[in-house]
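Colleague: Hi! I'm new to this one, could you walk me through it?

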Amino acid sequence: MSASRSEITDAPGAGGREPGPPGADLLAALLDGMDAALCAFDAAGVVTHWNREAERILGWSAREAVGRRGFAGWAVRSADAAEVQGRLMAAMDAPGRQVHEFALLRKDGGRVLVRTQSARVLGADGKPAGVYCAFSEVHTQIDLERSIALSEALFDEASWGVVLVDVDLRPAVVNGEAARALGAGRTSALGRPLGELLEQGVEELEGALHHVLAEGAPRGLVDLWVAVASADGREQRRCWRSGFVRLASPLAEEPVPLGVGWLFHDVTDAKLAEQEANRLRFRSSQLHRAGRAASECEDPLEAATAYLDFALAGFADHALLDVTEGGGAGSGGSEGGGERLVRAVASPAGGPGPAAGVAGGGLPVRYAAGHPALQAVERLGSVRASVGTEGTPGEWAERRQWPEDAAHALCTVLRSRGRTVGVLTFLRGAARPAFERPDAVYAESVAVLTASALDLAQSTGD
(Lines give C-alpha, C1' and ligand atoms only; values in the text may rest on other atoms or scores of the structure.)
Protein backbone atom coordinates (compact mmCIF):
# COMPACT_ATOMS: atom_id res chain seq x y z
CA MET A 1 0.00 0.00 0.00
CA SER A 2 2.95 2.38 0.63
CA ALA A 3 4.16 2.10 -2.94
CA SER A 4 0.66 2.65 -4.24
CA ARG A 5 0.36 5.73 -2.06
CA SER A 6 3.46 7.31 -3.54
CA GLU A 7 2.24 6.61 -7.08
CA ILE A 8 -1.17 8.21 -6.49
CA THR A 9 -0.13 11.16 -4.41
CA ASP A 10 2.61 12.07 -6.84
CA ALA A 11 0.24 11.97 -9.80
CA PRO A 12 -1.41 15.20 -11.04
CA GLY A 13 -4.88 15.71 -9.58
CA ALA A 14 -4.20 13.34 -6.68
CA GLY A 15 -2.39 15.78 -4.45
CA GLY A 16 1.22 15.00 -5.49
CA ARG A 17 4.05 17.48 -5.94
CA GLU A 18 6.47 15.54 -8.12
CA PRO A 19 5.79 13.55 -11.29
CA GLY A 20 5.16 9.90 -10.48
CA PRO A 21 6.39 6.77 -12.21
CA PRO A 22 4.89 5.56 -15.54
CA GLY A 23 1.20 4.68 -15.19
CA ALA A 24 0.53 7.08 -12.33
CA ASP A 25 -1.33 9.53 -14.59
CA LEU A 26 -3.54 6.77 -15.92
CA LEU A 27 -4.30 5.43 -12.44
CA ALA A 28 -5.11 8.92 -11.16
CA ALA A 29 -7.40 9.54 -14.13
CA LEU A 30 -9.22 6.26 -13.53
CA LEU A 31 -9.77 7.04 -9.87
CA ASP A 32 -10.92 10.60 -10.54
CA GLY A 33 -13.31 9.42 -13.26
CA MET A 34 -15.21 7.03 -10.99
CA ASP A 35 -18.85 7.77 -10.22
CA ALA A 36 -18.40 6.60 -6.62
CA ALA A 37 -16.26 8.32 -4.01
CA LEU A 38 -13.19 6.26 -3.15
CA CYS A 39 -10.58 6.43 -0.43
CA ALA A 40 -8.03 3.92 0.82
CA PHE A 41 -6.05 3.33 4.00
CA ASP A 42 -2.82 1.51 4.61
CA ALA A 43 -2.42 -0.98 7.44
CA ALA A 44 -1.82 1.86 9.90
CA GLY A 45 -5.05 3.61 8.94
CA VAL A 46 -3.38 6.44 6.96
CA VAL A 47 -5.31 7.77 3.95
CA THR A 48 -3.46 6.85 0.75
CA HIS A 49 -6.09 7.51 -1.95
CA TRP A 50 -8.80 10.16 -2.34
CA ASN A 51 -10.60 10.78 -5.64
CA ARG A 52 -12.56 13.75 -6.94
CA GLU A 53 -15.99 12.28 -6.15
CA ALA A 54 -14.92 12.03 -2.50
CA GLU A 55 -13.85 15.68 -2.73
CA ARG A 56 -17.21 16.63 -4.23
CA ILE A 57 -19.19 14.93 -1.46
CA LEU A 58 -17.12 16.06 1.54
CA GLY A 59 -15.31 19.14 0.21
CA TRP A 60 -11.84 17.96 1.22
CA SER A 61 -9.29 17.88 -1.60
CA ALA A 62 -6.83 15.07 -2.19
CA ARG A 63 -3.94 17.22 -0.92
CA GLU A 64 -5.86 17.83 2.31
CA ALA A 65 -6.95 14.22 2.79
CA VAL A 66 -4.01 12.03 1.75
CA GLY A 67 -1.58 11.42 4.58
CA ARG A 68 -4.07 11.91 7.44
CA ARG A 69 -4.53 9.10 9.95
CA GLY A 70 -8.17 8.07 9.88
CA PHE A 71 -11.11 10.51 9.79
CA ALA A 72 -10.75 11.80 13.33
CA GLY A 73 -10.78 15.56 13.70
CA TRP A 74 -11.69 16.44 10.12
CA ALA A 75 -14.14 14.07 8.33
CA VAL A 76 -15.99 12.66 11.34
CA ARG A 77 -16.95 13.87 14.80
CA SER A 78 -14.44 13.09 17.50
CA ALA A 79 -17.04 11.14 19.45
CA ASP A 80 -17.66 8.85 16.48
CA ALA A 81 -14.09 8.61 15.16
CA ALA A 82 -13.01 5.48 17.01
CA GLU A 83 -16.13 3.53 16.08
CA VAL A 84 -15.98 4.59 12.40
CA GLN A 85 -12.25 3.81 12.12
CA GLY A 86 -12.68 0.47 13.84
CA ARG A 87 -15.50 -0.65 11.56
CA LEU A 88 -13.62 0.40 8.43
CA MET A 89 -10.34 -1.24 9.39
CA ALA A 90 -12.16 -4.40 10.48
CA ALA A 91 -12.40 -5.24 6.78
CA MET A 92 -8.71 -6.21 6.90
CA ASP A 93 -9.61 -9.27 8.94
CA ALA A 94 -12.69 -10.38 6.98
CA PRO A 95 -12.99 -11.65 3.41
CA GLY A 96 -15.46 -10.04 1.03
CA ARG A 97 -17.15 -6.67 1.28
CA GLN A 98 -18.62 -5.00 4.33
CA VAL A 99 -21.40 -2.41 4.08
CA HIS A 100 -21.84 0.33 6.66
CA GLU A 101 -23.60 3.69 6.99
CA PHE A 102 -21.80 6.59 8.64
CA ALA A 103 -22.45 10.27 9.24
CA LEU A 104 -19.35 12.11 7.91
CA LEU A 105 -18.44 15.79 8.19
CA ARG A 106 -18.12 18.09 5.21
CA LYS A 107 -15.39 20.68 5.11
CA ASP A 108 -17.99 23.41 5.63
CA GLY A 109 -19.15 21.72 8.85
CA GLY A 110 -22.26 20.08 7.48
CA ARG A 111 -23.01 16.41 8.01
CA VAL A 112 -23.78 13.91 5.27
CA LEU A 113 -24.96 10.32 5.66
CA VAL A 114 -22.99 7.96 3.43
CA ARG A 115 -23.16 4.26 2.67
CA THR A 116 -19.76 2.57 2.42
CA GLN A 117 -18.49 -0.65 0.93
CA SER A 118 -15.10 -1.60 2.28
CA ALA A 119 -12.78 -4.54 1.55
CA ARG A 120 -9.23 -5.48 2.39
CA VAL A 121 -6.28 -5.07 0.02
CA LEU A 122 -3.69 -7.84 -0.04
CA GLY A 123 0.02 -7.12 -0.50
CA ALA A 124 2.53 -8.98 -2.63
CA ASP A 125 3.06 -11.48 0.19
CA GLY A 126 -0.68 -12.25 0.32
CA LYS A 127 -1.18 -10.59 3.69
CA PRO A 128 -3.64 -7.72 4.35
CA ALA A 129 -1.91 -4.44 3.52
CA GLY A 130 -4.80 -2.01 3.91
CA VAL A 131 -8.42 -1.23 3.13
CA TYR A 132 -10.19 0.49 0.29
CA CYS A 133 -13.55 2.14 0.85
CA ALA A 134 -16.08 3.24 -1.77
CA PHE A 135 -18.90 5.45 -0.55
CA SER A 136 -21.82 7.52 -1.81
CA GLU A 137 -24.53 9.64 -0.29
CA VAL A 138 -27.28 7.47 1.12
CA HIS A 139 -30.08 9.23 -0.75
CA THR A 140 -28.21 8.69 -4.04
CA GLN A 141 -27.77 5.03 -3.24
CA ILE A 142 -31.41 4.71 -2.26
CA ASP A 143 -32.49 6.36 -5.53
CA LEU A 144 -30.37 3.84 -7.43
CA GLU A 145 -31.77 0.94 -5.47
CA ARG A 146 -35.31 2.19 -6.04
CA SER A 147 -34.66 2.40 -9.77
CA ILE A 148 -33.28 -1.11 -9.83
CA ALA A 149 -36.14 -2.41 -7.69
CA LEU A 150 -38.68 -0.70 -9.95
CA SER A 151 -37.12 -2.24 -13.04
CA GLU A 152 -37.13 -5.70 -11.51
CA ALA A 153 -40.72 -5.34 -10.33
CA LEU A 154 -41.89 -4.16 -13.74
CA PHE A 155 -40.29 -7.11 -15.47
CA ASP A 156 -41.28 -9.72 -12.91
CA GLU A 157 -44.51 -8.77 -11.14
CA ALA A 158 -46.24 -5.94 -13.02
CA SER A 159 -49.85 -6.49 -14.11
CA TRP A 160 -49.16 -4.22 -17.11
CA GLY A 161 -47.29 -5.51 -20.12
CA VAL A 162 -43.85 -3.90 -20.38
CA VAL A 163 -41.69 -4.06 -23.49
CA LEU A 164 -38.41 -2.27 -24.12
CA VAL A 165 -38.11 -1.65 -27.85
CA ASP A 166 -34.74 -0.75 -29.40
CA VAL A 167 -34.21 1.92 -32.05
CA ASP A 168 -34.83 -0.73 -34.76
CA LEU A 169 -38.30 -1.30 -33.26
CA ARG A 170 -37.46 -4.81 -32.07
CA PRO A 171 -38.23 -6.00 -28.52
CA ALA A 172 -35.12 -6.00 -26.34
CA VAL A 173 -36.76 -6.90 -23.01
CA VAL A 174 -40.25 -8.34 -22.44
CA ASN A 175 -41.92 -8.96 -19.09
CA GLY A 176 -44.16 -11.93 -18.33
CA GLU A 177 -47.49 -10.11 -18.82
CA ALA A 178 -46.42 -8.77 -22.22
CA ALA A 179 -45.17 -12.20 -23.31
CA ARG A 180 -48.55 -13.73 -22.46
CA ALA A 181 -50.41 -10.98 -24.32
CA LEU A 182 -48.21 -11.44 -27.40
CA GLY A 183 -48.53 -15.21 -27.28
CA ALA A 184 -44.75 -15.68 -27.16
CA GLY A 185 -42.06 -16.51 -24.65
CA ARG A 186 -40.03 -13.82 -22.88
CA THR A 187 -36.91 -14.84 -24.80
CA SER A 188 -38.45 -15.98 -28.09
CA ALA A 189 -39.96 -12.52 -28.64
CA LEU A 190 -36.61 -10.74 -28.37
CA GLY A 191 -35.14 -9.30 -31.55
CA ARG A 192 -38.11 -10.24 -33.72
CA PRO A 193 -39.93 -7.68 -35.91
CA LEU A 194 -43.24 -6.58 -34.43
CA GLY A 195 -44.96 -7.81 -37.59
CA GLU A 196 -44.10 -11.37 -36.56
CA LEU A 197 -45.78 -10.92 -33.18
CA LEU A 198 -48.94 -9.10 -34.27
CA GLU A 199 -51.36 -10.03 -37.05
CA GLN A 200 -52.95 -6.57 -37.24
CA GLY A 201 -52.23 -3.13 -35.83
CA VAL A 202 -48.49 -3.21 -36.54
CA GLU A 203 -48.57 0.01 -38.58
CA GLU A 204 -50.26 1.98 -35.80
CA LEU A 205 -47.89 0.64 -33.15
CA GLU A 206 -44.76 1.31 -35.21
CA GLY A 207 -46.05 4.79 -36.01
CA ALA A 208 -46.43 5.52 -32.30
CA LEU A 209 -42.92 4.20 -31.58
CA HIS A 210 -41.39 6.31 -34.38
CA HIS A 211 -43.15 9.38 -32.98
CA VAL A 212 -41.79 8.74 -29.49
CA LEU A 213 -38.24 8.27 -30.78
CA ALA A 214 -38.41 11.45 -32.84
CA GLU A 215 -40.46 13.82 -30.68
CA GLY A 216 -40.99 12.22 -27.29
CA ALA A 217 -43.91 10.50 -25.64
CA PRO A 218 -47.50 11.67 -26.23
CA ARG A 219 -49.22 13.44 -23.37
CA GLY A 220 -51.84 10.80 -22.70
CA LEU A 221 -52.47 7.10 -23.12
CA VAL A 222 -53.28 5.64 -26.52
CA ASP A 223 -55.76 2.85 -27.27
CA LEU A 224 -54.35 0.54 -29.95
CA TRP A 225 -56.43 -2.20 -31.58
CA VAL A 226 -54.30 -5.18 -32.52
CA ALA A 227 -54.81 -8.81 -33.48
CA VAL A 228 -52.72 -11.64 -32.09
CA ALA A 229 -52.80 -15.28 -33.05
CA SER A 230 -54.29 -17.57 -30.41
CA ALA A 231 -53.02 -21.05 -29.58
CA ASP A 232 -55.44 -22.59 -32.09
CA GLY A 233 -54.27 -20.25 -34.86
CA ARG A 234 -57.30 -17.94 -34.85
CA GLU A 235 -56.92 -14.17 -34.63
CA GLN A 236 -57.97 -12.47 -31.42
CA ARG A 237 -58.69 -8.76 -31.71
CA ARG A 238 -57.57 -6.91 -28.60
CA CYS A 239 -57.47 -3.30 -27.43
CA TRP A 240 -54.32 -2.34 -25.53
CA ARG A 241 -54.25 0.95 -23.63
CA SER A 242 -50.65 1.99 -24.16
CA GLY A 243 -48.20 4.47 -22.70
CA PHE A 244 -44.74 5.24 -24.08
CA VAL A 245 -41.53 6.73 -22.69
CA ARG A 246 -38.40 7.54 -24.62
CA LEU A 247 -35.23 6.00 -23.20
CA ALA A 248 -32.01 8.02 -23.39
CA SER A 249 -28.55 7.19 -22.11
CA PRO A 250 -27.69 9.01 -18.85
CA LEU A 251 -23.98 8.65 -19.66
CA ALA A 252 -23.96 10.61 -22.91
CA GLU A 253 -23.40 14.36 -23.05
CA GLU A 254 -26.24 14.71 -25.55
CA PRO A 255 -29.47 12.71 -25.18
CA VAL A 256 -28.98 9.60 -27.30
CA PRO A 257 -32.17 7.51 -27.77
CA LEU A 258 -31.72 3.93 -26.63
CA GLY A 259 -35.24 2.91 -27.54
CA VAL A 260 -38.78 3.17 -26.18
CA GLY A 261 -40.41 1.78 -23.08
CA TRP A 262 -43.88 0.54 -24.04
CA LEU A 263 -46.36 -0.18 -21.25
CA PHE A 264 -49.81 -1.53 -22.08
CA HIS A 265 -52.89 -2.96 -20.44
CA ASP A 266 -55.68 -4.99 -22.05
CA VAL A 267 -58.94 -3.03 -21.99
CA THR A 268 -60.76 -5.03 -24.66
CA ASP A 269 -63.75 -5.98 -22.49
CA ALA A 270 -64.24 -2.41 -21.31
CA LYS A 271 -63.95 -1.00 -24.85
CA LEU A 272 -66.40 -3.55 -26.26
CA ALA A 273 -68.86 -2.80 -23.46
CA GLU A 274 -68.47 0.91 -24.15
CA GLN A 275 -69.00 0.39 -27.88
CA GLU A 276 -72.07 -1.74 -27.24
CA ALA A 277 -73.53 0.89 -24.89
CA ASN A 278 -72.93 3.60 -27.49
CA ARG A 279 -74.49 1.42 -30.18
CA LEU A 280 -77.59 0.79 -28.08
CA ARG A 281 -77.97 4.48 -27.29
CA PHE A 282 -77.67 5.39 -30.97
CA ARG A 283 -80.13 2.74 -32.10
CA SER A 284 -82.62 3.74 -29.41
CA SER A 285 -82.29 7.34 -30.54
CA GLN A 286 -82.87 6.31 -34.16
CA LEU A 287 -86.01 4.41 -33.27
CA HIS A 288 -87.28 7.42 -31.32
CA ARG A 289 -86.57 9.76 -34.22
CA ALA A 290 -88.14 7.31 -36.67
CA GLY A 291 -91.32 7.20 -34.58
CA ARG A 292 -91.50 10.99 -34.51
CA ALA A 293 -91.04 11.18 -38.28
CA ALA A 294 -93.52 8.38 -39.02
CA SER A 295 -96.20 10.04 -36.89
CA GLU A 296 -96.19 12.97 -39.30
CA CYS A 297 -96.75 10.79 -42.40
CA GLU A 298 -100.29 10.65 -43.79
CA ASP A 299 -99.52 7.60 -45.93
CA PRO A 300 -98.85 4.46 -43.84
CA LEU A 301 -96.46 3.13 -46.49
CA GLU A 302 -94.51 6.37 -46.27
CA ALA A 303 -94.31 5.86 -42.51
CA ALA A 304 -92.94 2.32 -43.05
CA THR A 305 -90.35 3.78 -45.40
CA ALA A 306 -89.33 6.31 -42.74
CA TYR A 307 -88.60 3.48 -40.30
CA LEU A 308 -86.28 1.90 -42.91
CA ASP A 309 -84.42 5.15 -43.54
CA PHE A 310 -83.65 5.74 -39.87
CA ALA A 311 -82.72 2.08 -39.28
CA LEU A 312 -80.19 2.08 -42.12
CA ALA A 313 -77.95 4.73 -40.52
CA GLY A 314 -74.84 2.98 -39.22
CA PHE A 315 -76.57 -0.41 -39.41
CA ALA A 316 -76.63 -1.59 -43.01
CA ASP A 317 -75.89 -0.52 -46.57
CA HIS A 318 -79.18 -1.51 -48.16
CA ALA A 319 -82.76 -2.23 -47.06
CA LEU A 320 -85.51 -4.06 -48.96
CA LEU A 321 -89.19 -4.28 -48.04
CA ASP A 322 -91.21 -7.12 -49.55
CA VAL A 323 -94.92 -7.32 -48.77
CA THR A 324 -97.21 -10.34 -48.97
CA GLU A 325 -99.95 -10.55 -51.55
CA GLY A 326 -102.30 -13.26 -52.58
CA GLY A 327 -104.07 -16.20 -51.09
CA GLY A 328 -104.73 -15.40 -47.52
CA ALA A 329 -102.75 -14.21 -44.57
CA GLY A 330 -102.12 -17.13 -42.29
CA SER A 331 -99.56 -17.64 -39.61
CA GLY A 332 -96.89 -18.62 -42.12
CA GLY A 333 -96.27 -17.88 -45.70
CA SER A 334 -94.27 -18.89 -48.78
CA GLU A 335 -94.80 -19.12 -52.43
CA GLY A 336 -95.82 -22.73 -51.98
CA GLY A 337 -98.44 -21.66 -49.41
CA GLY A 338 -100.30 -19.33 -51.74
CA GLU A 339 -98.70 -16.07 -50.65
CA ARG A 340 -96.39 -14.02 -52.82
CA LEU A 341 -93.70 -11.51 -51.85
CA VAL A 342 -93.83 -8.29 -53.81
CA ARG A 343 -91.06 -5.67 -53.66
CA ALA A 344 -92.57 -2.47 -52.24
CA VAL A 345 -89.62 -0.35 -51.03
CA ALA A 346 -85.86 -0.45 -51.67
CA SER A 347 -82.92 1.78 -50.88
CA PRO A 348 -80.76 2.89 -53.84
CA ALA A 349 -78.53 0.08 -55.09
CA GLY A 350 -75.75 2.28 -56.43
CA GLY A 351 -75.01 4.30 -53.29
CA PRO A 352 -76.45 5.88 -50.15
CA GLY A 353 -79.80 7.55 -50.27
CA PRO A 354 -83.34 7.40 -48.87
CA ALA A 355 -85.48 4.34 -49.42
CA ALA A 356 -88.30 4.77 -51.90
CA GLY A 357 -91.13 2.85 -53.47
CA VAL A 358 -90.27 0.59 -56.39
CA ALA A 359 -91.48 1.87 -59.73
CA GLY A 360 -93.69 -0.57 -61.54
CA GLY A 361 -94.24 -2.66 -58.43
CA GLY A 362 -96.82 -5.41 -58.23
CA LEU A 363 -94.83 -8.23 -59.77
CA PRO A 364 -93.75 -10.92 -57.30
CA VAL A 365 -90.04 -11.30 -56.63
CA ARG A 366 -88.68 -14.57 -57.98
CA TYR A 367 -87.03 -15.96 -54.88
CA ALA A 368 -85.78 -19.53 -55.24
CA ALA A 369 -86.62 -22.16 -52.68
CA GLY A 370 -84.49 -21.81 -49.58
CA HIS A 371 -84.05 -18.07 -50.02
CA PRO A 372 -83.38 -16.36 -46.65
CA ALA A 373 -86.49 -14.18 -47.04
CA LEU A 374 -88.68 -17.25 -47.52
CA GLN A 375 -86.97 -18.96 -44.58
CA ALA A 376 -87.80 -15.97 -42.38
CA VAL A 377 -91.47 -16.26 -43.39
CA GLU A 378 -91.51 -19.98 -42.68
CA ARG A 379 -89.76 -19.63 -39.29
CA LEU A 380 -91.65 -16.48 -38.28
CA GLY A 381 -88.36 -14.97 -37.18
CA SER A 382 -85.02 -13.73 -38.41
CA VAL A 383 -82.48 -15.40 -40.69
CA ARG A 384 -78.85 -14.35 -41.11
CA ALA A 385 -76.73 -15.25 -44.14
CA SER A 386 -73.25 -14.43 -45.45
CA VAL A 387 -71.44 -15.14 -48.69
CA GLY A 388 -68.96 -17.52 -47.03
CA THR A 389 -67.44 -19.85 -49.62
CA GLU A 390 -70.35 -19.62 -52.04
CA GLY A 391 -68.43 -17.95 -54.85
CA THR A 392 -67.84 -14.21 -55.10
CA PRO A 393 -70.09 -11.67 -53.34
CA GLY A 394 -71.46 -10.54 -56.73
CA GLU A 395 -72.51 -14.05 -57.74
CA TRP A 396 -73.90 -14.80 -54.30
CA ALA A 397 -76.00 -11.60 -54.29
CA GLU A 398 -77.16 -12.01 -57.87
CA ARG A 399 -78.59 -15.46 -57.20
CA ARG A 400 -80.65 -13.95 -54.38
CA GLN A 401 -81.70 -10.86 -56.37
CA TRP A 402 -79.86 -8.46 -54.09
CA PRO A 403 -77.52 -5.56 -54.97
CA GLU A 404 -74.22 -6.95 -56.27
CA ASP A 405 -72.10 -5.51 -53.43
CA ALA A 406 -74.11 -7.38 -50.75
CA ALA A 407 -72.07 -9.90 -48.72
CA HIS A 408 -74.12 -10.21 -45.51
CA ALA A 409 -77.88 -10.37 -45.12
CA LEU A 410 -80.44 -10.24 -42.32
CA CYS A 411 -84.03 -11.09 -43.15
CA THR A 412 -86.79 -10.72 -40.56
CA VAL A 413 -90.49 -11.41 -40.90
CA LEU A 414 -93.08 -8.65 -40.52
CA ARG A 415 -96.02 -9.70 -38.32
CA SER A 416 -99.09 -7.74 -37.35
CA ARG A 417 -102.39 -8.91 -35.82
CA GLY A 418 -101.20 -12.52 -36.06
CA ARG A 419 -100.59 -12.21 -39.80
CA THR A 420 -97.45 -12.16 -41.91
CA VAL A 421 -97.48 -8.91 -43.85
CA GLY A 422 -94.03 -9.02 -45.39
CA VAL A 423 -90.28 -9.48 -45.00
CA LEU A 424 -87.66 -6.85 -44.19
CA THR A 425 -84.11 -7.43 -45.50
CA PHE A 426 -80.97 -5.57 -44.44
CA LEU A 427 -77.75 -5.98 -46.45
CA ARG A 428 -74.12 -5.17 -45.74
CA GLY A 429 -71.10 -5.07 -48.04
CA ALA A 430 -67.95 -7.19 -47.71
CA ALA A 431 -66.09 -4.40 -45.89
CA ARG A 432 -68.45 -4.63 -42.94
CA PRO A 433 -68.86 -7.44 -40.39
CA ALA A 434 -71.56 -10.05 -40.63
CA PHE A 435 -74.83 -9.52 -38.76
CA GLU A 436 -74.86 -10.89 -35.22
CA ARG A 437 -77.60 -11.75 -32.74
CA PRO A 438 -77.82 -8.19 -31.26
CA ASP A 439 -78.29 -6.92 -34.82
CA ALA A 440 -81.18 -9.32 -35.31
CA VAL A 441 -82.81 -8.02 -32.12
CA TYR A 442 -82.57 -4.46 -33.42
CA ALA A 443 -83.94 -5.50 -36.83
CA GLU A 444 -86.88 -7.18 -35.13
CA SER A 445 -87.62 -3.96 -33.22
CA VAL A 446 -87.68 -2.08 -36.52
CA ALA A 447 -89.82 -4.85 -38.03
CA VAL A 448 -92.50 -4.46 -35.35
CA LEU A 449 -92.95 -0.76 -36.16
CA THR A 450 -92.73 -1.34 -39.91
CA ALA A 451 -95.26 -4.17 -39.80
CA SER A 452 -97.81 -2.01 -37.98
CA ALA A 453 -97.48 0.73 -40.59
CA LEU A 454 -97.57 -1.78 -43.43
CA ASP A 455 -100.66 -3.51 -41.99
CA LEU A 456 -102.39 -0.16 -41.79
CA ALA A 457 -101.44 0.57 -45.40
CA GLN A 458 -102.86 -2.76 -46.56
CA SER A 459 -106.03 -2.31 -44.52
CA THR A 460 -106.50 1.20 -45.94
CA GLY A 461 -105.88 -0.08 -49.44
CA ASP A 462 -108.42 -2.83 -48.99
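Modeller: Happy to; we can go from the whole chain down to single residues. Keep in mind that this is a predicted model.

Colleague: Okay, how many helices and strands does the protein chain have?

Modeller: The protein chain has 14 helices and 16 strands. It has 462 residues, and 42% of them count as buried.

Colleague: And what about the accessible surface of the protein chain?

Modeller: That is about 23900 Å², with 52% belonging to carbon and sulfur atoms.

Colleague: Let's go inside. Which residues touch the most other members of the largest nonpolar core?

Modeller: Those are F315, L321, L414, L424 and F426, in a core of 31 residues. Elements giving two or more residues to this core include α11 (300-312), β15 (406-416), β16 (419-429) and α14. The largest share, eight residues, comes from α14.

Colleague: Now T450. Where is it, and is it buried or exposed?

Modeller: T450 is in helix α14, residues 437-461. Its relative accessibility is 0%, so T450 counts as buried. Leaving aside neighbours within four places in sequence, T450 is in contact with A304, Y307, L308, L321, L414 and L424.

Colleague: Changing topic: in what order do the five strands of the open sheet come?

Modeller: The order is β7-β6-β10-β9-β8, with antiparallel pairing. The edges are β7 (171-174) and β8 (222-229); each has a single partner strand, so one side of each is left without a neighbour in the sheet. On average, neighbouring strands of this sheet are turned by 35° against each other, direction ignored.

Colleague: How many bridges join β6 and β7?

Modeller: Three bridges, in the antiparallel sense. For L164, the bridge partner in β7 is V173.

Colleague: Which strands does helix α9 lie across?

Modeller: Helix α9 (residues 202-215) lies across β6, β8, β9 (235-248) and β10 (257-266), and runs at about 10° to β9.

Colleague: Last one: which residues of helix α12 are buried?

Modeller: In α12 (residues 372-379), P372, A373, L374, A376 and V377 are buried. Just after α12, L380 takes a positive phi of about 55°.

Conventions
Residues numbered from 1 in each chain as written. Predicted model: local features only at pLDDT ≥ 70, side-chain atom pairs only at ≥ 80, totals over all residues. Heavy atoms only, no water. Helix = DSSP H or I, 4+ residues; strand = E, 2+ residues; numbered from the N terminus. Buried < 20%, exposed > 50% of the residue type's maximum accessible area, 1.4 Å probe, protein only. Contact = heavy atoms within 4.5 Å. Core = buried A, V, L, I, M, F, W, Y, C linked by side-chain atoms within 4.5 Å. Areas by Shrake-Rupley, 256 points an atom, 1.4 Å probe, with all protein chains shown as cover. Pairing = 2+ DSSP bridges. Axes fitted to C-alpha atoms, helices over the stretch in contact; angles between N-to-C directions.
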